[in-house]
Structure formats: C-alpha cells, structure tokens
Amino acid sequence: MKKQLSTINYQLSTMRTIFVTGGAGFIGSAFIRLILEETSDFKIINFDALTYAGNLENLNGLDETRHKFIKGDICDKEAVLQSLPENSEAIFNFAAESHVDRSIASASEFVLTNVLGTQILLDAARAKNIRRFVQISTDETQGSLPEDSNSYFTENSPIQPNSPYAASKAAAEHFVRAAHETFDVDTITTRCGNNYGQRQFPEKLIPLMIANAMNDEPVPVYGDGRNVRDWIFVEDHARAIWLAYLKGKAGSSYNIGARNERQNIEVVKSILDALGKPHSLIKFVTDRLGHDRRYAIDARKVETELGWKPITTWEDGLQKTIRWYRENQDWVNQIRSGAYRDYYKNHYGMEVGAK
Ligand code: NAD
Ligand code: TDX
C-alpha cells in the first residue's frame, strides 16, 4: 500500500496540469475522457459552473488521481485565480452558453459567459504564466454559406456571425486574438462544426430527436428542414483540439470538420429509421429566426498542418450515439423533467416528457 501511494505521489509531481473550463458539458467531458485515456502525464483541473447544461454524471468513472472537479464560474475572477495553478501547461476554454435558440430568447447570459468569461480567463492566463490558451470556438462565427455551392469556411473566411450566440463566440475570438497581438499570449483558436455523440444535452438537434422519438413524441423540424450542417463525432473533435494544442502555431486558428454535410431532414429520417419509428413523427414547425442556411468546413489546414483525420464515420457515430441514449435513458429522463419541460413548452409550444 505504501509503495502504491508513493508511486501516485511521484506521478502527480511529474505530471503537467491543464485547466479545462466547461468540462461537465458535452464536448468538455468527452475531451477530458480522451486526455485521461490517451495520455499518462497530464492531470486536469475541471472548472465548471454546472449551469443547466453541466452535469456531474458526465464525469462518472474518471480517474480521480488525475481529474479534479471545481465548481466555479469563469466570470468570477477571484475564483478563477484561486483555482488556476501558476505555470500550468494550458487553459482549454470550453465553458459557454452554447444553444442558439436560447440566445435568441435572451442574449445577456451569452455576453457574460462567452465574452466576459473568456476575457477573465485570458487575463488569468497572463497573471499565472500559462503556456498556452486554447479557445474552443465554432464555425458559426463565420456566418452562413449559400446552398448548392462549393463554398466552404476556411481560416481566412470573414467573421460575420448571425445569431446572438455566434456573435458572442465571435467577440470572444476577437479578444483571444487581441491578447495574442497585444500581450503575446500564446493562443490557439479552434472552430468546429456541429458535434454529435454521447452526453449531448437534448436541446440540440440530434439528441432532441433521439429523446423524443424514443418516447414516440413528435420531432420538431424547423422551416423546410433543408438547412445543412457539417456533422462531426465528438471524439474526433476532441482529438483535433488536442493536436492543435500540441502542434498548432501560436496565434493561429484551425477550422475542424469531417466533410460530412447533411440536410436536417435527412439526419432526422436516419434517426427515426435507426430507432424503427415512423416518419409521421416529423412535425415541421416555425423556422428559427435568422436561421443560418448552410455550414461547411474546409478542413485542409488541420489535415495537413496537424496530421488530423476523423476516425469515426457518420454511420458508426450515429449508431454509437443512438445506442448510448437507449442505454442511458435515466440520464435523459432526469434532464427531461422540471426546467427542461418548461423550456420545451415555452419554445415549441408542446409538452414532452410528461408520462
Ligand atoms: P454544453 O452546453 O454541453 O456545455 C457547456 C458547459 O459549460 C456546461 O458544463 C456548463 O455548466 C459550463 N458553463 C457554462 N457557463 C459557465 C460559466 N460561466 N463558467 C463555467 N462553466 C460554465 O456545450 P458543448 O456543446 O459541450 O460546447 C462546448 C464548447 O464548444 C462551447 O464553447 C461551444 O461554443 C463550442 N462548440 C460546440 C459545438 C457543438 O456542436 N456543440 C460545436 C463547435 C463549438
Ligand atoms: O428542434 C430543432 N429542430 C431543428 O430543425 C432544433 C433544436 C434544431 N433544428 C435545426 C436547426 C439547425 O439547422 O437543426 C440544426 C442544428 O441545430 P442545433 O443542434 O441547435 O445546432 P446549431 O444551431 O447548428 O449550432 C450547433 O453547432 C455549432 C451548436 O448548438 C453550437 O453550440 C455550435 O457552436
């Protein structure tokens, strides 16, 4: 026993610390799992405010000798400074208000967390001499692409956000750039397309459709259902972020995508088919305001400069995702009660989860 403990102490002392914000959410928790599984010399401080989207169950089973959870808000400067160890290897900023529809209903929380919170972390990175700052951004900061064209978002596409969510993430990108240009903070910005996979909060398209369809409830499709999103399995995104951290050039941005464009209606039909549910569950509903038509990412830079390629195909990823939701109905049902039902009724004018 004594020997084991001394080995652990030795490991901790030689380990390097990374500070992950928003690690109790969908992508942050997948990222933490990946780092704990695929590296042996990094320990993680996971700093998360546990908003409606954060869930400690997303962290079940993690190696507690290498993962420490701290409940805290990135807008709380003192809490950030207290929790962030001096000379840490990196900050990975996943923490955000992340849902476009909620930003249309009320944008202030998005400005606070996504903009002010990012600036507080940038200041903390300077104060604590952090080696690298990785900002997890989104393709949505680059606006919307025309349909049926060969246009793609590249790292040089203009930043022209359309939703309040995207505007807040774009503002954060600008502050990250400013920290690099003005203070020489070593920054990396990643811009990814639409993620799907295990543990995604069922307000986003894919988990919402799975949860409703599993319960034989209508699946709401906005507008004509022909908006296009470029889908990537969450673990492939997490791997790209890690490579961008390890190999990226200071001050650079990296657009991450798996070359997997799909119309929403096609995605929804695939989910219903996989679950053996009828297409009659599809209910076309009022379109989202300012609904971006198409996102599509040119991934050549991450592929060539970082040597990254997605591993999971759309077919495998969707199957894995659906299997996870089927096997974790308690996780889903816990979320689809209380505040979620109020949100759903208010947004869609329909009830879910009431059985
Ligand atoms: P999510 O909503 O599932 O998780 C966000 C997490 O951040 C939650 O755990 C929440 O508790 C935490 N959080 C929110 N406000 C906080 C605050 N003030 N302080 C500390 N923690 C706070 O989001 P996600 O889908 O995992 O997205 C993670 C990041 O990736 C976001 O920055 C998002 O903009 C970006 N992104 C998401 C996608 C996608 O498809 N989901 C695609 C590209 C980029
Ligand atoms: O009920 C729905 N019906 C519907 O048709 C919902 C929730 C969505 N949709 C449509 C809107 C979009 O065209 O599906 C598409 C995907 O919607 P979301 O899952 O809300 O994602 P999106 O708006 O594309 O933004 C996502 O990708 C980029 C994430 O939410 C962001 O956090 C990320 O930055």
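**Close-up 1. Helix 2 (residues 26-38) in the predicted model is largely enclosed by the rest of the structure**. The buried residues are F26, I27, G28, S29, A30, F31, I32, R33, L34, I35 and L36. Their cover includes strand 1 (16-21), strand 2 (42-48), strand 3 (67-71), strand 4 (90-93), strand 7 (194-196) and helix 8 (234-247). At 1.5 Å a residue, helix 2 should span 18 Å, and this agrees with the 19 Å between its end C-alpha atoms.

**Close-up 2. Helix 13 (residues 338-348) has buried residues Y340, Y343, Y344 and Y348**. Seen down the axis of helix 13, the buried residues fall within an arc of 100°, so they line one face of the helix. Exposed residues A339, D342 and N346 are carried on the face turned away from the buried side. Among the elements covering the buried residues of helix 13 are helix 4 (100-105), helix 7 (205-214), strand 8 (219-222) and helix 12 (329-335). G349, which follows helix 13, has a positive phi, near 65°.

**Close-up 3. Ligand 2 has 22 residues around it, of which E140, Y165, R288, H291 and Y348 come nearest**. An oxygen atom of ligand 2 lies 2.6 Å from an N or O atom in the side chain of R288. Polar backbone atoms are also involved: that of L205 is 2.8 Å from an oxygen atom of ligand 2, and that of P220 is 2.9 Å from a nitrogen atom of ligand 2. Of the 650 Å² of accessible area that ligand 2 has on its own, the protein covers 95%. Helix 7 and strand 8 are the elements that give two or more residues to the shell around ligand 2.

Technical notes: Residues are numbered from 1 along each chain as its sequence is written. Chains are lettered from A and ligands numbered from 1 in the order in which they are written. This is a predicted model: local features need pLDDT of at least 70, side-chain atom pairs count only at pLDDT 80 or more; totals for chains, interfaces and linings use all residues. Side-chain values use heavy atoms; hydrogens and water are left out. Buried means under 20% relative accessible area, exposed over 50%, partly exposed in between (1.4 Å probe, protein chains only). Helices (H or I, at least four residues) and strands (E, at least two) are DSSP runs, numbered from the N terminus. The arc is that of the directions from the helix axis to the C-beta atoms. Contact means heavy atoms within 4.5 Å. The expected span of a helix is 1.5 Å times one less than its number of residues. A residue is near a molecule or strand if one of its heavy atoms lies within 4 Å of it. A polar contact is a pair of N or O atoms within 3.5 Å; within protein, one must be able to donate a hydrogen and the other to accept it, and residues adjacent in sequence count only if both atoms are side-chain atoms. Accessible areas come from the Shrake-Rupley method with a 1.4 Å probe; for residues, only the protein chains shown count as cover.
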